[in-house]
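Biologist: I'd like to go through this model with you and hear where the labels come from. Can you show it to me?

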Amino acid sequence: MRKPIYGAKAIAVEGSVELSWLKSTPMFQANDDEEFARIRIFRREEPFVFGEDYEEFFFNADASGADLLFEGSIEATNRRKYVFLDRSPALGRTYAYWIQTRNSAPVGPIPVRVRDPEVWWSYREMMRRLEALRDTAPGTVELSVCGQTTRGLDIPCVRIGKGKLAMGLVGAIHGGESGPELIIPALRRLVEESPDLLQTVQVVALPSVNIDSREDEVQGAPWYIRTNPSGVDLNRNFPALWDQVEYGYGFSTDEPGSLTYRGPAPASAPETKAVVSAFSGELPKAVFSYHALASICGPPALAANSAEGSEGYVNRCKYLIDIFGKAFYPEPQFAGKWLGFGCCAGSLPAWLVERGQVPAFDLECGFDTDALRRCRRDETDLSLLKNYQTRHFEGVRALLEALAREED
Ligand SMILES: [Zn+2]
């Protein structure tokens, strides 16, 4: 059946949903206002599960059982574009919308997930917080740009402290995972609470690397997004063992369209280039890359498979992760084997090993089974996030203190 509309989309904006669409080209050319004189909008909440369901969940869904949310006329912009704002969705829910003009069947489903903007920070919110941090301590905090994303957004790089470069923090290599919400509050607390420590050591942080895909999640893509907009898994795109094909999660890294596609060439993605450039000078003593899901992560920390046989490197990693883990999870029930291996060819940790034997870790989630279950399903709420912000700060501070003692 031919459709009277095209370009239908739904985006989440600060807890509301903005639905927009345009007249189809034939309808626009015919200047057909009659068909658009009455618009109906239907909405249905969907039992969609983040991390388990994907775009296919919505294929072939009709509007049966959907609620009639609006019926009436809407003024078109430029004689063609329509916008409807739904202010009544609930946070943490997934919805499908349908749009119906006078004589046609409802067009949809148009899916959207409404995430808590305090748990998933937008690019704008991240930049606002980084600029505020710089402005509170301009002598201690240096904010710069280390590259651009696929869509051309600036990737921010922040340095705090004046001493030796001790730690590197790299957030959101995978769009649907963690980074800015843990990194920026930790930096802020270090600046406010540990000024002496920052005389001895320095931290460099890229709070969000795959900004485009993270923004897609913020704006309501219901499903987990891993790659950049070109379909490249950035954690397989680094120039280290890149030729080696990996088959983790049942995917193949040499296959375009695969969730773990390594890209057409080493460091082909602009986001990868940005990380490489941020670590082109002095190397940190430890680097954390933020994974798990829905804005939180923690131990276990995974190191590069390629370094598993190197005893000195493994012992150093164990030493560092024990310090971080004990401060992160002081409760005995979370104690465990905090160091694992699993970072494969083309990953950031594998590249940092090649670059200079830098102890580098992908932070996942595991010992706190309740947190793991919740973040996997995108059910991280503000109280869980705050809990992990505190844990994360304590872990980073303890490790920085240990690294500062090595400088004395
Ligand atoms: Zn990841």
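Modeller: Let's start with the sheet: three strands make an open sheet, ordered β1-β2-β5, with antiparallel pairing. Strands here are DSSP runs of E with at least two residues, helices are runs of H or I with at least four, and both are numbered from the N terminus.

Biologist: What leaves one side of β1 and of β5 without a neighbour in the sheet?

Modeller: β1 (5-13) and β5 (81-86) are at the edges with a single partner strand each, so one side of each has no neighbour in the sheet. From one strand to the next, the twist averages 15°.

Before we go on, this is a predicted model: local features need pLDDT of at least 70, and side-chain atom pairs count only at pLDDT 80 or more, while totals for chains, interfaces and linings use all residues. Residues are numbered from 1 along each chain as its sequence is written.

Biologist: What makes β1 and β2 a pair?

Modeller: Pairing requires DSSP to find at least two bridges between two strands. Seven bridges join β1 to β2 (residues 16-23), and the two run antiparallel, so they count as a pair.

Biologist: Why is α2 called roughly parallel to α3?

Modeller: The axes of α2 (residues 123-136) and α3 (residues 180-193) cross at roughly 10° and come within 11 Å. Those axes are lines fitted to C-alpha atoms, for helices over the stretch in contact, with angles from 0 to 180 degrees between N-to-C directions. Angles under 35 degrees count as roughly parallel, over 145 as roughly antiparallel, 65 to 115 as roughly perpendicular and the rest as oblique, so α2 is roughly parallel to α3.

Biologist: Which residues meet there?

Modeller: From α2, M126, R129, L130 and L133 meet P180, I184, L187, R188 and V191 of α3. Contact means that C-beta atoms, placed from the backbone, lie within 7 Å. The residues split into seven nonpolar, no polar and two charged. Ala, Val, Leu, Ile, Met, Phe, Trp, Tyr, Cys and Pro count as nonpolar, Asp, Glu, Lys and Arg as charged, and the others, Gly among them, as polar.

Biologist: How do you know that the radius of gyration agrees with a compact globule?

Modeller: The radius is taken over C-alpha atoms, and the globule rule is 2.2 Å times the number of residues to the power 0.38. For 408 residues a compact globule would come near 22 Å; the protein chain has 23 Å, so the two agree.

Key:
Two residues are in contact if their C-beta atoms, placed from the backbone, lie within 7 Å.
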